[in-house]
Amino acid sequence: MNSPLALLGGESVITRGEPHFSWPPLDAQSEAAVVRQLHHSISIYDRSGVVERLENELCEYHGIAHAVLTSSGTAALHAMYTACGLGPGDEVIVPAYTFFATVTPLLHLGATPVLADCDESGNLDPKDVVRRITDRTKALIVTHMWGVPADIRALKAIADKHGLMLLEDASHAHGASIDGQRAGTFGQAAAFSMNGPKPLSAGEGGFVLTDDDEIYYRVLLCSQYNKRCRGELPRDHPLYDYALTGMGLKFRIHPLAASIALDQLGRLDDHLTGRATIATHLCERLSELPGIVVPKLPVGVRASWYGLPLRYVSTELGGLAVERFHEALRAEGCREVDRPGSTCPLNLLPLFQRPEPLFAGYGGKMSYLPGDFPMAETIHRNTLKLPVWHRSEDLPLVDEYINAFQKVIENYPDLLG
Ligand SMILES: *Cc1c(COP(=O)(O)O)cnc(C)c1O
(Lines give C-alpha, C1' and ligand atoms only; values in the text may rest on other atoms or scores of the structure.)
Protein backbone atom coordinates (compact mmCIF):
# COMPACT_ATOMS: atom_id res chain seq x y z
CA MET A 1 0.00 0.00 0.00
CA ASN A 2 3.06 2.26 0.12
CA SER A 3 3.48 2.31 -3.64
CA PRO A 4 2.46 5.57 -5.32
CA LEU A 5 -0.86 5.57 -7.12
CA ALA A 6 -0.75 3.49 -10.29
CA LEU A 7 -2.11 6.45 -12.23
CA LEU A 8 1.05 8.32 -11.20
CA GLY A 9 3.43 5.52 -12.11
CA GLY A 10 3.18 3.23 -9.06
CA GLU A 11 2.24 -0.43 -8.97
CA SER A 12 -1.36 -1.49 -9.37
CA VAL A 13 -3.13 -3.12 -6.43
CA ILE A 14 -4.77 -5.69 -8.71
CA THR A 15 -2.51 -7.56 -11.08
CA ARG A 16 -4.51 -10.71 -11.81
CA GLY A 17 -5.87 -11.22 -15.31
CA GLU A 18 -9.40 -10.60 -16.53
CA PRO A 19 -12.23 -11.24 -16.45
CA HIS A 20 -12.86 -10.22 -12.85
CA PHE A 21 -16.57 -10.91 -13.14
CA SER A 22 -18.74 -12.91 -15.47
CA TRP A 23 -22.45 -13.56 -15.49
CA PRO A 24 -24.48 -15.72 -15.63
CA PRO A 25 -22.59 -18.55 -13.89
CA LEU A 26 -22.77 -21.47 -16.34
CA ASP A 27 -21.56 -24.97 -15.54
CA ALA A 28 -21.94 -28.58 -16.71
CA GLN A 29 -25.56 -28.60 -15.53
CA SER A 30 -26.35 -25.53 -17.66
CA GLU A 31 -24.61 -27.10 -20.66
CA ALA A 32 -26.56 -30.32 -20.26
CA ALA A 33 -29.83 -28.37 -20.05
CA VAL A 34 -29.11 -26.52 -23.28
CA VAL A 35 -27.95 -29.63 -25.16
CA ARG A 36 -31.03 -31.54 -24.02
CA GLN A 37 -33.23 -28.72 -25.29
CA LEU A 38 -31.28 -28.52 -28.55
CA HIS A 39 -32.14 -32.13 -29.33
CA HIS A 40 -35.71 -31.80 -28.07
CA SER A 41 -37.02 -28.71 -29.88
CA ILE A 42 -35.78 -25.32 -30.93
CA SER A 43 -39.15 -23.82 -31.92
CA ILE A 44 -42.13 -23.86 -29.58
CA TYR A 45 -45.40 -22.43 -30.87
CA ASP A 46 -47.70 -22.97 -27.91
CA ARG A 47 -47.45 -23.11 -24.14
CA SER A 48 -45.60 -26.42 -23.86
CA GLY A 49 -42.18 -27.89 -23.13
CA VAL A 50 -39.54 -25.64 -21.64
CA VAL A 51 -41.75 -22.58 -22.15
CA GLU A 52 -44.50 -24.08 -20.03
CA ARG A 53 -42.06 -25.30 -17.39
CA LEU A 54 -40.30 -21.96 -17.06
CA GLU A 55 -43.55 -19.99 -16.99
CA ASN A 56 -44.92 -22.31 -14.30
CA GLU A 57 -41.79 -21.92 -12.23
CA LEU A 58 -41.83 -18.14 -12.61
CA CYS A 59 -45.47 -18.11 -11.46
CA GLU A 60 -44.63 -20.27 -8.49
CA TYR A 61 -41.52 -18.31 -7.55
CA HIS A 62 -43.46 -15.04 -7.56
CA GLY A 63 -46.82 -16.34 -6.34
CA ILE A 64 -48.50 -14.96 -9.48
CA ALA A 65 -51.16 -16.45 -11.74
CA HIS A 66 -49.66 -15.78 -15.18
CA ALA A 67 -46.23 -15.44 -16.76
CA VAL A 68 -45.56 -14.88 -20.47
CA LEU A 69 -42.03 -15.34 -21.78
CA THR A 70 -40.78 -12.94 -24.44
CA SER A 71 -37.75 -12.46 -26.64
CA SER A 72 -36.46 -9.53 -24.58
CA GLY A 73 -37.26 -7.22 -21.72
CA THR A 74 -38.05 -4.48 -24.21
CA ALA A 75 -40.62 -6.77 -25.83
CA ALA A 76 -42.07 -7.65 -22.42
CA LEU A 77 -42.49 -3.96 -21.62
CA HIS A 78 -44.08 -3.30 -25.02
CA ALA A 79 -46.54 -6.18 -24.56
CA MET A 80 -47.36 -5.12 -20.99
CA TYR A 81 -48.06 -1.51 -21.94
CA THR A 82 -50.16 -2.60 -24.90
CA ALA A 83 -52.10 -5.03 -22.71
CA CYS A 84 -52.76 -2.28 -20.18
CA GLY A 85 -54.28 -0.13 -22.90
CA LEU A 86 -51.78 2.72 -22.75
CA GLY A 87 -52.02 4.86 -25.85
CA PRO A 88 -52.64 8.30 -27.35
CA GLY A 89 -53.91 10.83 -24.84
CA ASP A 90 -52.57 8.92 -21.85
CA GLU A 91 -49.87 10.33 -19.65
CA VAL A 92 -47.64 7.78 -17.99
CA ILE A 93 -45.36 8.78 -15.14
CA VAL A 94 -41.97 7.11 -15.52
CA PRO A 95 -38.61 7.44 -13.78
CA ALA A 96 -36.24 9.98 -15.35
CA TYR A 97 -33.45 7.73 -14.09
CA THR A 98 -33.85 4.29 -15.64
CA PHE A 99 -32.70 2.35 -18.68
CA PHE A 100 -34.40 3.96 -21.67
CA ALA A 101 -36.26 0.78 -22.69
CA THR A 102 -38.46 1.23 -19.62
CA VAL A 103 -40.00 4.11 -21.55
CA THR A 104 -39.36 3.76 -25.29
CA PRO A 105 -42.19 1.25 -25.95
CA LEU A 106 -44.62 3.96 -24.83
CA LEU A 107 -43.44 6.09 -27.76
CA HIS A 108 -44.46 3.34 -30.20
CA LEU A 109 -47.90 3.26 -28.56
CA GLY A 110 -48.40 7.01 -28.76
CA ALA A 111 -48.66 7.50 -24.99
CA THR A 112 -46.95 10.48 -23.39
CA PRO A 113 -44.15 9.65 -20.94
CA VAL A 114 -43.98 12.12 -18.06
CA LEU A 115 -40.58 11.89 -16.43
CA ALA A 116 -40.26 12.16 -12.64
CA ASP A 117 -37.13 12.64 -10.57
CA CYS A 118 -35.58 10.17 -8.16
CA ASP A 119 -34.67 10.66 -4.51
CA GLU A 120 -31.30 10.07 -2.82
CA SER A 121 -31.71 6.33 -3.31
CA GLY A 122 -31.79 6.67 -7.11
CA ASN A 123 -35.32 5.29 -7.20
CA LEU A 124 -38.49 7.16 -8.14
CA ASP A 125 -39.29 9.91 -5.62
CA PRO A 126 -42.93 9.57 -4.48
CA LYS A 127 -43.11 13.32 -3.77
CA ASP A 128 -42.07 14.20 -7.30
CA VAL A 129 -44.55 11.69 -8.72
CA VAL A 130 -47.46 13.37 -6.93
CA ARG A 131 -46.53 16.75 -8.41
CA ARG A 132 -46.77 15.34 -11.95
CA ILE A 133 -50.22 13.74 -11.76
CA THR A 134 -52.87 15.32 -14.02
CA ASP A 135 -56.34 14.20 -15.05
CA ARG A 136 -54.73 12.48 -18.06
CA THR A 137 -52.38 10.35 -15.97
CA LYS A 138 -53.20 6.70 -16.42
CA ALA A 139 -50.27 4.73 -15.05
CA LEU A 140 -47.15 4.91 -12.94
CA ILE A 141 -44.07 2.86 -13.92
CA VAL A 142 -41.45 1.91 -11.35
CA THR A 143 -37.91 0.59 -11.93
CA HIS A 144 -36.03 -0.96 -9.00
CA MET A 145 -32.65 0.53 -9.86
CA TRP A 146 -29.68 -1.84 -9.65
CA GLY A 147 -31.95 -4.31 -7.85
CA VAL A 148 -32.67 -2.19 -4.78
CA PRO A 149 -36.46 -2.09 -4.42
CA ALA A 150 -38.13 1.31 -4.82
CA ASP A 151 -40.37 2.76 -2.09
CA ILE A 152 -43.19 0.65 -3.46
CA ARG A 153 -45.54 1.10 -0.51
CA ALA A 154 -45.59 4.86 -0.94
CA LEU A 155 -45.87 4.59 -4.72
CA LYS A 156 -48.70 2.06 -4.49
CA ALA A 157 -50.57 4.31 -2.07
CA ILE A 158 -50.28 7.16 -4.58
CA ALA A 159 -51.42 4.95 -7.46
CA ASP A 160 -54.41 3.68 -5.45
CA LYS A 161 -55.40 7.13 -4.26
CA HIS A 162 -55.39 8.58 -7.78
CA GLY A 163 -56.77 5.51 -9.57
CA LEU A 164 -53.57 4.89 -11.56
CA MET A 165 -52.22 1.57 -12.76
CA LEU A 166 -48.97 0.63 -11.04
CA LEU A 167 -46.58 -1.24 -13.35
CA GLU A 168 -43.09 -2.45 -12.56
CA ASP A 169 -40.01 -2.70 -14.73
CA ALA A 170 -38.30 -5.29 -12.54
CA SER A 171 -35.46 -5.93 -15.02
CA HIS A 172 -32.82 -5.33 -12.32
CA ALA A 173 -34.68 -6.96 -9.49
CA HIS A 174 -35.35 -10.68 -9.97
CA GLY A 175 -35.81 -12.15 -6.52
CA ALA A 176 -35.58 -8.83 -4.68
CA SER A 177 -38.28 -8.42 -2.05
CA ILE A 178 -39.90 -6.18 0.53
CA ASP A 179 -41.05 -7.99 3.69
CA GLY A 180 -40.97 -11.22 1.70
CA GLN A 181 -43.05 -9.92 -1.22
CA ARG A 182 -41.12 -10.16 -4.45
CA ALA A 183 -40.43 -7.33 -6.89
CA GLY A 184 -42.79 -7.68 -9.82
CA THR A 185 -45.84 -8.52 -7.72
CA PHE A 186 -46.90 -5.12 -6.41
CA GLY A 187 -48.92 -3.69 -9.29
CA GLN A 188 -51.28 -4.85 -12.04
CA ALA A 189 -48.37 -6.29 -14.03
CA ALA A 190 -44.59 -6.35 -14.22
CA ALA A 191 -42.03 -6.79 -16.99
CA PHE A 192 -38.58 -8.29 -16.60
CA SER A 193 -35.55 -8.54 -18.85
CA MET A 194 -33.44 -11.72 -18.87
CA ASN A 195 -30.68 -10.16 -20.93
CA GLY A 196 -27.09 -11.36 -20.36
CA PRO A 197 -26.02 -9.62 -17.14
CA LYS A 198 -29.45 -9.46 -15.47
CA PRO A 199 -29.80 -11.33 -12.12
CA LEU A 200 -31.85 -14.00 -13.90
CA SER A 201 -30.33 -14.49 -17.34
CA ALA A 202 -31.46 -16.28 -20.48
CA GLY A 203 -28.77 -14.57 -22.55
CA GLU A 204 -31.66 -12.84 -24.31
CA GLY A 205 -35.24 -12.94 -23.09
CA GLY A 206 -37.87 -11.42 -20.86
CA PHE A 207 -41.25 -12.04 -19.31
CA VAL A 208 -44.43 -10.40 -18.08
CA LEU A 209 -46.13 -11.31 -14.81
CA THR A 210 -49.75 -10.57 -13.97
CA ASP A 211 -52.60 -11.84 -11.82
CA ASP A 212 -55.13 -10.23 -14.15
CA ASP A 213 -56.65 -12.62 -16.72
CA GLU A 214 -57.54 -9.85 -19.17
CA ILE A 215 -54.04 -8.38 -19.08
CA TYR A 216 -52.71 -11.91 -19.61
CA TYR A 217 -54.87 -12.47 -22.72
CA ARG A 218 -53.88 -9.13 -24.15
CA VAL A 219 -50.17 -9.73 -23.48
CA LEU A 220 -50.59 -12.94 -25.48
CA LEU A 221 -52.42 -11.17 -28.30
CA CYS A 222 -49.64 -8.61 -28.49
CA SER A 223 -46.73 -11.02 -28.30
CA GLN A 224 -47.58 -14.60 -29.34
CA TYR A 225 -49.99 -15.03 -32.23
CA ASN A 226 -51.73 -18.12 -33.53
CA LYS A 227 -51.27 -21.43 -31.66
CA ARG A 228 -50.42 -19.94 -28.31
CA CYS A 229 -53.40 -17.53 -28.38
CA ARG A 230 -55.74 -20.20 -29.70
CA GLY A 231 -54.63 -22.48 -26.92
CA GLU A 232 -54.85 -19.95 -24.11
CA LEU A 233 -57.78 -17.61 -24.83
CA PRO A 234 -61.16 -19.05 -23.79
CA ARG A 235 -63.33 -19.84 -26.83
CA ASP A 236 -66.03 -17.48 -25.60
CA HIS A 237 -63.64 -14.60 -25.01
CA PRO A 238 -64.70 -11.48 -26.98
CA LEU A 239 -61.19 -11.33 -28.51
CA TYR A 240 -60.97 -15.01 -29.48
CA ASP A 241 -61.73 -14.06 -33.09
CA TYR A 242 -58.32 -12.42 -33.17
CA ALA A 243 -56.42 -15.40 -31.77
CA LEU A 244 -54.97 -16.42 -35.14
CA THR A 245 -53.33 -13.06 -35.86
CA GLY A 246 -53.17 -11.47 -32.45
CA MET A 247 -51.95 -7.96 -33.09
CA GLY A 248 -49.52 -9.31 -35.65
CA LEU A 249 -46.38 -9.08 -33.56
CA LYS A 250 -44.28 -12.01 -32.41
CA PHE A 251 -42.11 -11.69 -29.32
CA ARG A 252 -41.54 -15.37 -28.54
CA ILE A 253 -38.52 -16.48 -26.56
CA HIS A 254 -36.04 -18.94 -28.09
CA PRO A 255 -36.32 -22.35 -26.40
CA LEU A 256 -32.55 -22.53 -25.86
CA ALA A 257 -32.72 -19.20 -24.03
CA ALA A 258 -35.63 -20.53 -21.96
CA SER A 259 -33.58 -23.59 -21.03
CA ILE A 260 -30.75 -21.38 -19.76
CA ALA A 261 -33.16 -19.31 -17.66
CA LEU A 262 -34.87 -22.41 -16.26
CA ASP A 263 -31.49 -23.74 -15.15
CA GLN A 264 -30.59 -20.37 -13.59
CA LEU A 265 -33.95 -19.89 -11.86
CA GLY A 266 -33.39 -23.04 -9.80
CA ARG A 267 -30.29 -21.40 -8.36
CA LEU A 268 -31.41 -17.78 -8.21
CA ASP A 269 -31.98 -17.72 -4.45
CA ASP A 270 -28.56 -19.22 -3.79
CA HIS A 271 -26.98 -16.67 -6.07
CA LEU A 272 -28.80 -13.84 -4.29
CA THR A 273 -27.81 -15.13 -0.86
CA GLY A 274 -24.18 -15.22 -1.98
CA ARG A 275 -24.49 -11.72 -3.40
CA ALA A 276 -26.04 -10.41 -0.18
CA THR A 277 -23.04 -11.64 1.83
CA ILE A 278 -20.57 -9.95 -0.47
CA ALA A 279 -22.64 -6.77 -0.79
CA THR A 280 -22.74 -6.50 3.01
CA HIS A 281 -18.99 -6.95 3.19
CA LEU A 282 -18.36 -4.35 0.47
CA CYS A 283 -20.74 -1.88 2.11
CA GLU A 284 -19.24 -2.33 5.58
CA ARG A 285 -15.70 -1.73 4.37
CA LEU A 286 -16.37 0.98 1.79
CA SER A 287 -18.65 2.99 4.07
CA GLU A 288 -15.68 3.54 6.40
CA LEU A 289 -13.91 5.48 3.67
CA PRO A 290 -14.44 9.20 3.03
CA GLY A 291 -15.84 10.06 -0.38
CA ILE A 292 -18.03 6.96 -0.72
CA VAL A 293 -21.69 6.55 0.24
CA VAL A 294 -23.06 3.01 0.06
CA PRO A 295 -26.72 2.10 -0.53
CA LYS A 296 -28.82 1.63 2.60
CA LEU A 297 -31.47 -1.08 2.66
CA PRO A 298 -34.47 -0.51 4.92
CA VAL A 299 -35.30 -3.35 7.34
CA GLY A 300 -37.11 -6.17 5.53
CA VAL A 301 -35.75 -5.27 2.10
CA ARG A 302 -33.75 -7.79 0.06
CA ALA A 303 -31.91 -6.50 -3.01
CA SER A 304 -30.93 -8.57 -6.03
CA TRP A 305 -27.72 -6.52 -6.40
CA TYR A 306 -27.71 -6.27 -10.18
CA GLY A 307 -24.95 -3.82 -9.31
CA LEU A 308 -23.68 -2.06 -6.22
CA PRO A 309 -24.22 1.65 -6.87
CA LEU A 310 -21.71 3.67 -4.85
CA ARG A 311 -22.09 7.41 -4.64
CA TYR A 312 -18.91 9.43 -4.91
CA VAL A 313 -18.80 12.61 -2.79
CA SER A 314 -16.02 14.75 -4.21
CA THR A 315 -16.26 17.39 -1.45
CA GLU A 316 -14.95 14.78 1.00
CA LEU A 317 -11.85 14.37 -1.16
CA GLY A 318 -10.86 17.99 -1.68
CA GLY A 319 -13.07 18.40 -4.74
CA LEU A 320 -11.31 15.64 -6.72
CA ALA A 321 -13.32 15.15 -9.94
CA VAL A 322 -15.22 11.88 -10.26
CA GLU A 323 -13.59 11.28 -13.65
CA ARG A 324 -10.11 11.45 -12.11
CA PHE A 325 -11.14 9.27 -9.15
CA HIS A 326 -12.53 6.67 -11.57
CA GLU A 327 -9.39 6.80 -13.71
CA ALA A 328 -7.24 6.23 -10.62
CA LEU A 329 -9.29 3.17 -9.62
CA ARG A 330 -9.04 1.74 -13.13
CA ALA A 331 -5.28 2.26 -13.05
CA GLU A 332 -5.14 0.25 -9.80
CA GLY A 333 -6.65 -2.61 -11.79
CA CYS A 334 -10.34 -2.19 -10.89
CA ARG A 335 -11.58 -3.08 -14.38
CA GLU A 336 -15.11 -3.63 -13.13
CA VAL A 337 -15.67 -0.18 -11.62
CA ASP A 338 -18.11 1.34 -14.03
CA ARG A 339 -19.65 4.76 -14.51
CA PRO A 340 -22.95 3.71 -16.13
CA GLY A 341 -23.39 5.26 -19.55
CA SER A 342 -26.49 4.03 -21.39
CA THR A 343 -28.48 3.87 -18.14
CA CYS A 344 -28.75 7.60 -17.55
CA PRO A 345 -31.31 10.34 -16.91
CA LEU A 346 -33.51 10.19 -19.98
CA ASN A 347 -33.60 13.96 -20.37
CA LEU A 348 -29.94 13.75 -21.42
CA LEU A 349 -30.81 11.63 -24.47
CA PRO A 350 -31.67 13.17 -27.88
CA LEU A 351 -34.68 10.82 -28.16
CA PHE A 352 -36.32 12.53 -25.18
CA GLN A 353 -35.21 16.03 -26.16
CA ARG A 354 -36.09 15.94 -29.87
CA PRO A 355 -38.11 12.81 -30.69
CA GLU A 356 -39.78 14.27 -33.81
CA PRO A 357 -37.39 13.01 -36.52
CA LEU A 358 -38.06 9.43 -35.34
CA PHE A 359 -41.54 9.82 -33.82
CA ALA A 360 -43.41 12.35 -35.92
CA GLY A 361 -46.40 12.42 -33.57
CA TYR A 362 -44.41 13.82 -30.66
CA GLY A 363 -43.99 17.38 -31.93
CA GLY A 364 -44.24 19.61 -28.87
CA LYS A 365 -45.34 16.76 -26.60
CA MET A 366 -41.94 15.90 -25.26
CA SER A 367 -38.90 18.17 -25.11
CA TYR A 368 -36.82 17.54 -22.05
CA LEU A 369 -33.57 19.36 -21.40
CA PRO A 370 -30.42 18.78 -19.39
CA GLY A 371 -31.01 20.23 -15.92
CA ASP A 372 -34.67 19.16 -15.74
CA PHE A 373 -34.01 16.38 -13.19
CA PRO A 374 -31.37 17.63 -10.78
CA MET A 375 -31.36 14.65 -8.43
CA ALA A 376 -31.21 12.05 -11.20
CA GLU A 377 -28.42 13.97 -12.88
CA THR A 378 -26.38 14.34 -9.66
CA ILE A 379 -26.81 10.67 -8.81
CA HIS A 380 -25.94 9.57 -12.32
CA ARG A 381 -22.85 11.76 -12.48
CA ASN A 382 -21.50 10.48 -9.17
CA THR A 383 -22.39 6.81 -9.38
CA LEU A 384 -19.62 4.24 -9.52
CA LYS A 385 -21.04 0.78 -10.00
CA LEU A 386 -19.41 -2.44 -8.88
CA PRO A 387 -20.57 -5.93 -9.78
CA VAL A 388 -21.66 -8.01 -6.79
CA TRP A 389 -19.92 -11.37 -6.80
CA HIS A 390 -21.72 -14.34 -5.27
CA ARG A 391 -19.13 -17.00 -4.38
CA SER A 392 -16.94 -17.06 -1.27
CA GLU A 393 -13.99 -17.87 -3.61
CA ASP A 394 -14.41 -14.35 -4.93
CA LEU A 395 -13.69 -12.72 -1.55
CA PRO A 396 -9.92 -12.29 -2.13
CA LEU A 397 -10.67 -10.37 -5.34
CA VAL A 398 -13.37 -8.35 -3.58
CA ASP A 399 -10.81 -7.42 -0.92
CA GLU A 400 -8.37 -6.34 -3.61
CA TYR A 401 -11.06 -3.99 -4.94
CA ILE A 402 -11.60 -2.62 -1.43
CA ASN A 403 -7.83 -2.15 -1.01
CA ALA A 404 -7.69 -0.27 -4.30
CA PHE A 405 -10.44 2.11 -3.15
CA GLN A 406 -8.59 2.60 0.12
CA LYS A 407 -5.30 3.31 -1.61
CA VAL A 408 -6.78 5.89 -3.99
CA ILE A 409 -8.72 7.58 -1.18
CA GLU A 410 -5.74 7.71 1.18
CA ASN A 411 -3.58 9.22 -1.53
CA TYR A 412 -6.14 11.51 -3.13
CA PRO A 413 -4.15 14.72 -2.52
CA ASP A 414 -1.58 13.44 -5.04
CA LEU A 415 -4.28 13.60 -7.71
CA LEU A 416 -5.27 17.21 -7.04
CA GLY A 417 -3.88 20.19 -8.90
C1 LIG B 1 -32.19 -4.48 -19.57
C2 LIG B 1 -33.32 -3.59 -19.29
C3 LIG B 1 -34.39 -3.43 -20.17
C4 LIG B 1 -34.40 -4.01 -21.54
O5 LIG B 1 -34.31 -5.37 -21.54
P6 LIG B 1 -33.76 -6.15 -22.86
O7 LIG B 1 -33.91 -7.58 -22.46
O8 LIG B 1 -32.33 -5.74 -23.02
O9 LIG B 1 -34.62 -5.76 -23.98
C10 LIG B 1 -35.45 -2.64 -19.77
N11 LIG B 1 -35.45 -2.01 -18.60
C12 LIG B 1 -34.43 -2.11 -17.75
C13 LIG B 1 -34.51 -1.39 -16.43
C14 LIG B 1 -33.33 -2.88 -18.07
O15 LIG B 1 -32.29 -2.94 -17.23
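Author: A polar contact is a pair of N or O atoms within 3.5 Å. This cut-off will be needed in reading the predicted model shown above.

Reader: Where does the cut-off for a polar contact apply here?

Author: A polar contact requires N or O atoms within 3.5 Å. A backbone N or O atom of Gly73 lies 2.7 Å from an oxygen atom of the ligand. In the case of Thr74, a polar side-chain atom lies 2.5 Å from a ligand oxygen atom. For His172, a polar side-chain atom is 2.8 Å from an oxygen atom of the ligand. The ligand on its own has 380 Å² of accessible area, and the protein covers 91% of this.

Reader: Which pocket corresponds to the space taken by the ligand?

Author: The ligand takes the space of the second largest pocket.

Reader: What, then, lines the largest pocket, and which residues lie nearest its centre?

Author: The largest pocket contains about 550 Å³ of space. Its lining consists of 26 residues, and Glu120, Ser121, Gly122, Val148 and Lys296 lie nearest the centre. The elements that give two or more residues to this lining are α6 (152-162) and β13 (308-312). Strand β13 provides the largest share, three residues. By class, the lining of the largest pocket has 16 nonpolar, four polar and six charged residues.

Reader: Which peptide bond leading to Pro19 is cis, and where is Pro19 found?

Author: The bond from Glu18 to Pro19 is cis, with omega near 0°. Pro19 is found in the segment before α1 (28-40). Pro24 also lies in the segment before α1, and a cis peptide bond with omega of about 0° joins Trp23 to Pro24.

Reader: What is the phi of Asp179, and where does this residue lie?

Author: Asp179 has a positive phi of about 45°, although Asp179 is not a glycine. The residue lies in the loop between β7 (177-178) and β8 (181-182).

How values were computed
Residues are numbered from 1 along each chain as its sequence is written. This is a predicted model: local features need pLDDT of at least 70, side-chain atom pairs count only at pLDDT 80 or more; totals for chains, interfaces and linings use all residues. Side-chain values use heavy atoms; hydrogens and water are left out. A polar contact is a pair of N or O atoms within 3.5 Å; within protein, one must be able to donate a hydrogen and the other to accept it, and residues adjacent in sequence count only if both atoms are side-chain atoms. Accessible areas come from the Shrake-Rupley method with a 1.4 Å probe; for residues, only the protein chains shown count as cover. On a 1 Å grid over the protein atoms alone, a cavity is a set of points where a 1.4 Å probe fits but cannot get out, and a pocket is an open set with protein on both sides within 12 Å along at least five of seven lines; lining residues have an atom within 4 Å of a point. A molecule sits in a cavity or pocket if more than half of its atoms lie within 2 Å of its grid points. Grid points are joined across faces, edges and corners, and a volume is the space filled by probe spheres set on the points. Helices (H or I, at least four residues) and strands (E, at least two) are DSSP runs, numbered from the N terminus. Ala, Val, Leu, Ile, Met, Phe, Trp, Tyr, Cys and Pro count as nonpolar, Asp, Glu, Lys and Arg as charged, and the others, Gly among them, as polar.
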